[in-house]
Amino acid sequence: MSLENQINEKIKEAMKAKDKDRLNALRAIKSAILLAHTEKGAAESLSEDTELKILQKLHKQRKESYEIFVQQNREDLAAEELAQMRVIEEFLPKPLTEEELNNEILKLIDDLGASSPADFGKVMGVASKKLAGRADGKAISEAVKKILNK
């Protein structure tokens, strides 16, 4: 089932349950998907990769807003952002643990034959694509640097 169909089903469930926070988050996802459909040159159906990027972008926006609201002592708004972030996380792939991330990067470095910090760009290019959605770009970068600098 496509992400769009899953979201529509979840919206119906949230409406029946009268769960306002969940409904707002699901509507935000649906809105982003509809915007992607209307972009110039967009295909009739979105690829899984595009759907994943949309979800990651929405999650990142909520996370940044949450952090700002916490800094400004706006707990009411922070709680709302956190609730929406949790709903979006339901549709994202399970993130890798630090150990799993290091193992994946070690395997990639071995496959690519990388051995020094000079190979950082080559490893990052492949790692970013392979681990998209399962690990943050910053975490990937730090892990690659740490492993290549040994």
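Biologist: What makes H2 and H3 oblique to each other?
Modeller: This is a predicted model, in which local features need pLDDT of at least 70, side-chain atom pairs count only at pLDDT 80 or more, and totals for chains, interfaces and linings use all residues. Helix H2 (residues 20-38) and helix H3 (residues 48-71) pack at about 130°, where axes are lines fitted to C-alpha atoms, for helices over the stretch in contact, and angles run from 0 to 180 degrees between N-to-C directions. Under 35 degrees counts as roughly parallel, over 145 as roughly antiparallel, 65 to 115 as roughly perpendicular and the rest as oblique. H2 and H3 are therefore oblique.

Biologist: Which residues of H2 and H3 make the contact?
Modeller: From H2 come Ala 28, Ile 29, Ala 32, Ile 33 and Ala 36, and from H3 Ile 54, Leu 55, Leu 58 and Arg 62. Contact means heavy atoms within 4.5 Å. The two axes are 10 Å apart.

Biologist: Why is Ala 32 called buried?
Modeller: Buried means under 20% relative accessible area, exposed over 50%, and partly exposed in between (1.4 Å probe, protein chains only). Ala 32 has 18%, so it is buried. Leaving aside neighbours within four places in sequence, Ala 32 touches Ile 54 and Leu 58.

Biologist: And why does Lys 18 count as exposed?
Modeller: Its relative accessibility is 73%, so Lys 18 counts as exposed. Lys 18 sits in the loop between helix H1 (3-17) and H2, and its phi is near 60°, a positive value in a residue other than glycine.

Biologist: What about Asn 73, buried or exposed?
Modeller: Exposed, because its relative accessibility is 64%. Asn 73 belongs to the loop between H3 and helix H4 (75-89). Its phi, near 55°, is positive too, in a residue other than glycine.

Biologist: How do you know that the length of H7 agrees with what a helix should span?
Modeller: The expected span is 1.5 Å times one less than the number of residues. For the twelve residues of H7 (residues 137-148) that gives 16 Å, and the end C-alpha atoms are 16 Å apart, so the two agree.

Biologist: Which residues of H7 are buried, and why are they said to line one face?
Modeller: The buried ones are Ile 140, Ser 141, Ala 143, Val 144, Ile 147 and Leu 148. Seen down the axis of H7, they fall within an arc of 165°, so they line one face of the helix; the arc is that of the directions from the helix axis to the C-beta atoms. An α-helix has 3.6 residues a turn, so residues three or four places apart point the same way. The buried residues of H7 pack against helix H5 (98-112) and helix H6 (120-130).

Biologist: How many helices and strands does the protein have?
Modeller: Seven helices and zero strands. Helices (H or I, at least four residues) and strands (E, at least two) are DSSP runs, numbered from the N terminus. Residues are numbered from 1 along each chain as its sequence is written, and side-chain values use heavy atoms, with hydrogens and water left out.
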